[in-house]
Amino acid sequence: MTAELAAPAPAKINLTLEIGGARPDGYHELASVLQTLALADEVALRPATARAITVEGPFAAGTPADAGNLVWRAIDALAAAVGREPEPFRVRLVKRIPAAGGLGGGASDAATALRLLARRWPEADEPALARAAAATGSDEPFFLAGGTALVGGRGERVTPLPDLPAHGVVLFAPRETLAGKTAALFAALDRDGRRDGFERSAALARRPPARLTPDALFNGFERVAFECFPGLAALRERVEARIGEPVRLAGAGPTLFWIGPPERTERVRARAAGLECAVIATATAGSPWRR
Ligand code: C5P
């Protein structure tokens, strides 16, 4: 079979992200309620004689088109998990998710590659996929599930939740990010010393509201992100002044997001037009794998 395997790889936002202390292995214990969005990359795999990768789309810049791409790491991790040689693929990525923005694009591409490989490798069962996802990175296990989910551990403990009612989301993605920013933000939190409890994520998972309000949202990275990313505090002020509502940090940033009733999405997007960032209107979306 040489047909191309293709599927969307959605972006995510963390509705809550509570960060505990550093563990002996250097990772941090987390509690987070994650939500996939309609905004998605596209991942396509075609069997080939040698490995190749092409990256296209509006956010192709900043995505590694070489062995450093997480899709390769995921393919190798799944091959190792099922004990087979990784066969060569031609990978095509269409990047519609801003790279290194806190929206999980690279991790989602990797998890989608795992789901596509499972269609081709019969021995790639759910436990093998989960092992390969956790070996690839901390957001990958969530993206194997998608939709709305409570995540714990360093990201590998995923409890799927009922789909949240549809919300509109507008993303404000600065054009500049920082190299190694996730590790840098965790290190800044270690210096800051405060640790989050995990009660907000547990409460949101237990009683998901029909309409999310700003007080249900939380991101522990906000303690340090506005000092770590130059210009981000000023951007947040300008966005909030334009739209007249609070915005939050997406994951480790620097993307900011608004979430609210779907019918307000277009007005929020229009009010932010012309700001010095990419403004992307989208919405929450259920899992691409559960439909
Ligand atoms: O695992 P992943 O590659 O997604 O994480 C990037 C970096 O973020 C890790 O190298 C680690 O420094 C940090 N991290 C952490 N605790 C987590 C997840 C990530 O300290 N739970």
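Residues are numbered from 1 along each chain as its sequence is written. Since this is a prediction, local features need pLDDT of at least 70 and side-chain atom pairs count only at pLDDT 80 or more, while totals for chains, interfaces and linings use all residues; side-chain values use heavy atoms, with hydrogens and water left out.

Let's start with the sheet. Four strands form an open sheet in the order E9-E10-E7-E11, with antiparallel pairing. Helices (H or I, at least four residues) and strands (E, at least two) are DSSP runs numbered from the N terminus, and two strands pair if DSSP finds at least two bridges between them. At the edges you will find strand E9 (248-249) and strand E11 (278-283), each pairing on one side only. Strand E7 (residues 168-173) joins E11 through six bridges in the antiparallel sense, and Val170 stands opposite Ala281 in E11.

Two helices pack on this sheet. Helix H8 (residues 232-243) touches E7, E9 and strand E10 (256-260), and its direction makes about 30° with that of E10. Helix H9 (residues 265-272) touches E7, E10 and E11, with its direction at about 20° to that of E7. Contact here means heavy atoms within 4.5 Å; axes are lines fitted to C-alpha atoms, for helices over the stretch in contact, and angles run from 0 to 180 degrees between N-to-C directions.

Now turn to helix H2 (residues 105-120). Its 16 residues reach 23 Å from first C-alpha to last, close to the 22 Å expected at 1.5 Å a residue, where the expected span is 1.5 Å times one less than the number of residues. Twelve of the 16 residues of H2 are buried, so the helix is largely enclosed by the rest of the structure. Buried means under 20% relative accessible area, exposed over 50%, and partly exposed in between (1.4 Å probe, protein chains only). The cover over these buried residues includes strand E1 (5-22), strand E2 (28-47), helix H1 (70-82), strand E4 (89-94), helix H3 (126-136) and helix H4 (140-145).

Asp109 counts as buried because its relative accessibility is 1%. Leaving out residues up to four places away in sequence, Asp109 touches Ala9, Asp41, Val43, Val71, Leu93 and Lys95.

Finally, in helix H6 (residues 199-206) the buried residues are Ser201, Leu204 and Ala205. They cover an arc of only 100° around the axis, which puts them on the same side of H6; the arc is that of the directions from the helix axis to the C-beta atoms. Their cover includes E1, E2, strand E5 (148-153) and strand E6 (157-161).
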